[in-house]
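Here's a quick briefing to read alongside the model. Keep the viewer open as you go.

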Amino acid sequence: MTTTPRTALTIAGSDSGGGAGIQADLRTFFACGVHGLVAVTAVTVQNSLGVQGFTEIPADVVADQIKAVAGDMGVDAAKTGMLATAEIIRAVAKTLDETGIGRGSGVPFVVDPVAASATGHALLREDALEAIRTELFPRATLVTPNLDEVRLLTGVQVTDAAGQRRAAEALLGFGPQWVLVKGGHLQGSPECTDLLSDGSEWVELTGPRYDTGNTHGGGDTMASAITASLARGATVPEAVAAGKRFIERSVAESYSLGAGVGPVSPFWRLAGRTD
Ligand code: PXL
């Protein structure tokens, strides 16, 4: 007899390069011992040099994917990545309510507010940012923006620890239970400090900064590792600490692939590796 693993649902876009998006989420879920479920929102055409374009999936098909797996297999935690359009975001929010996923439901929900690729290409249509703020943030157990996304969502340009705290307060104003303001994009620091808060508890998580250009899929991998821990019953602070350790190792072991930005790698977690 084998034991059925916990399940984690990713609602996100496909990366033909295999290092970010749904592909990053699934390899992270696998490495963290949870069964990955998928609702595809968009198909991107891209490689290490950048995103050539994307096509979104019809919003009702995104909703139906969520309903199909939630109703039959059950979802222990969920996350969003690239959502592409306001229409998809509204359909996701409605479906989360119908399937009992999100803040207050007992099924944790992580919003990684993906706006652009590591190569700087937009992954959201214009009107979608407002929908992320109003439709998804109030339903989120945790939101995990990087500093570019913080600027787009709040207008706060973070340059130091005080700015990181102001940004966290502004983001909490949109209604998520917890915010994680990631400091990876803060230039000039030998360390990388992320700030986690629910408005009363404030936790600074500091780790090494690795000098690598291969950061493709970094945000997705961290949010997925956090979601996997939540699916396995961790508290938010425990899951974020585990996610931070996971992404540090995955950045340390990132690799070159193609002529541009290579992917971070969760391969270090695999048992029995032979290298
Ligand atoms: O890393 C952000 C991201 C999320 N989702 C998809 C992506 C990317 C970055 O390229 O392609 C589909």
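Predicted model: local features only at pLDDT ≥ 70, side-chain atom pairs only at ≥ 80, totals over all residues.

Residues are numbered from 1 along each chain as its sequence is written, and side-chain values use heavy atoms, with hydrogens and water left out.

**Overall build**
- The protein has 8 helices and 9 strands (DSSP runs numbered from the N terminus: H or I of at least four residues for helices, E of at least two for strands).
- Its radius of gyration, taken over C-alpha atoms, is 17 Å, close to the 19 Å that the globule rule gives for 275 residues, so the protein is as compact as a globular protein of that length. That rule is 2.2 Å times the number of residues to the power 0.38.
- The C-alpha trace spans about 45 × 45 × 40 Å along its principal axes.
- Of the 275 residues, 52% are buried (under 20% relative accessible area, with a 1.4 Å probe and protein chains only).
- Take contacts (heavy atoms within 4.5 Å) between residues at least 6 apart in sequence: 68% of them join residues at least 24 apart.

**Nonpolar cores**
- The largest nonpolar core holds 53 residues, and L9, I11, V75, V92, I101, F109 and L136 touch the most other members. Such a core is a set of buried Ala, Val, Leu, Ile, Met, Phe, Trp, Tyr and Cys residues joined through side-chain atoms within 4.5 Å.
- Helix α3 (residues 86–99) gives the most to this core, with 7 residues.
- Skipping neighbours within four places in sequence, V75 is in contact with T7, L9, L37, A70, I101 and V107.
- Apart from that core lies another, of 27 residues, including C32, L142, I247 and W268.

**Ligand site**
- Residues around the ligand include G13, S14, T44, Q46, M82, H216 and D220 (each has a heavy atom within 4 Å of it).
- The side chain of Q46 has an N or O atom 2.4 Å from an oxygen atom of the ligand.
- D220 puts a polar side-chain atom 2.6 Å from an oxygen atom of the ligand.
- On its own the ligand exposes 310 Å², and the protein buries 94% of that (Shrake-Rupley areas, 1.4 Å probe).

- Most residues other than glycine have a negative phi.
- A84 is not a glycine, yet has a positive phi of about 70°.
- A84 sits in the loop between β4 (77–80) and α3, and counts as buried at 0% relative accessibility.

Notes: Buried < 20%, exposed > 50% of the residue type's maximum accessible area, 1.4 Å probe, protein only. Polar contact = N/O pair within 3.5 Å; in protein donor to acceptor, adjacent residues only side chain to side chain.
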